[in-house]
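Me: I have a model open and would like to go through it with you. Can we start with how far to trust it?

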Amino acid sequence: MGTAKTFMLLAALTALFMAVGYLVGGAMGMIIAFVVAAGMNIFSWWNADKIVLRMQGAKEVTPETSSPMLRTFAADVARMAERAGMPAPRVYVIETPQPNAFATGRNPENAAVAATSGLLGSLSREEVAGVMAHELAHVQNRDTLTMTVTATIAGAIGMLANFAMFFGRERSGLIGSLAIMIFAPMAAALVQMAISRSREYEADKRGAEICGNPLWLASALQKIERGTRSSVNMAAERNPAMAHMYIANPLSGRGADNLFSTHPATANRIEALRRMAAEMGVSSEKAETPRRQAGPWG
């Protein structure tokens, strides 16, 4: 259902793009704007992982990394990737007290996952596994590609909306041009957000399958929700357009699945994971047992 919803939303975004293009300058205006926007977005998609990781100040965890905890963390990610039947991604850490994580890369062969130092410091090893399984699910589902396609079309819509003010008056008039300039980018942004929210639910489900216990991720989301409300992620604040990439909104907490949120409400995600755990026959008692085992996260 999540995949079908994504394709429906993409179709709606494409239809909006075509409608705005026709109102602004007919078929030729639509084609020119699309080519320019597509070129810009293709460049950013091809280099997305490098750009994002650099902007977030991420540092790669390698076999030469001195911290045993970080090496164990990277080994856990590699084992889950093998379990999921995908190549092991590069693993990064971002120095910030806010617990959070994200994935980037154009495909599983060129992927990277990143966790904040706050996530590693405040969650158990099993909870961290649940979070990183969620990020591996994003990579496996090629969500980065999906969001790039939506960004390309939405970028083209934004450009066409700006053209409307200057070149579209003959077709739509001044009021019509103003309406296109204001509402077309807003509609495109709403579709982008809706796609992002639907993909989060899908990644929760697949991530729970990868790590083997939905309650690990459910417990992690509870802690991440509290942490994002009480601490600031300065890298995310400087680049708010990247907020949708994180497992939880790094800018501010959200209380519901409203139109203007890039992430589903945490309570809704936790409830879905708990239902999944019940279907799998995993109880909260079973979920607690591994957390008492010794490990680098205590």
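Me: What pLDDT does the protein average?
Reply: The protein averages a pLDDT (the predictor's confidence in each residue, from 0 to 100) of 77, and 62% of the residues score at least 70. This is a predicted model, in which local features need pLDDT of at least 70 and side-chain atom pairs count only at pLDDT 80 or more, while totals for chains, interfaces and linings use all residues. Residues are numbered from 1 along each chain as its sequence is written, and side-chain values use heavy atoms, with hydrogens and water left out.

Me: Where is confidence lowest, and where highest?
Reply: Confidence is lowest in helix 11 (residues 284–288), with a mean of 53, and highest in strand 2 (residues 90–94), at 97; helices (H or I, at least four residues) and strands (E, at least two) are DSSP runs, numbered from the N terminus. Over residues 286–295 pLDDT stays under 50. Where pLDDT is low, the predicted coordinates should not be read in detail.

Me: Now the inside: which residues have the most contacts in the largest nonpolar core?
Reply: They are F73, M80, V131, M132 and L136, in a core of 42 residues, a core being a set of buried (under 20% relative accessible area, 1.4 Å probe, protein chains only) Ala, Val, Leu, Ile, Met, Phe, Trp, Tyr and Cys residues joined through side-chain atoms within 4.5 Å. Helix 5 (residues 125–140) gives the most to this core, with eight residues.

Me: And what does V131 contact, neighbours within four places aside?
Reply: V131 is in contact (heavy atoms within 4.5 Å) with A101, L119, L123, L217, A220, I224 and I247.

Note on methods. Buried means under 20% relative accessible area, exposed over 50%, partly exposed in between (1.4 Å probe, protein chains only).
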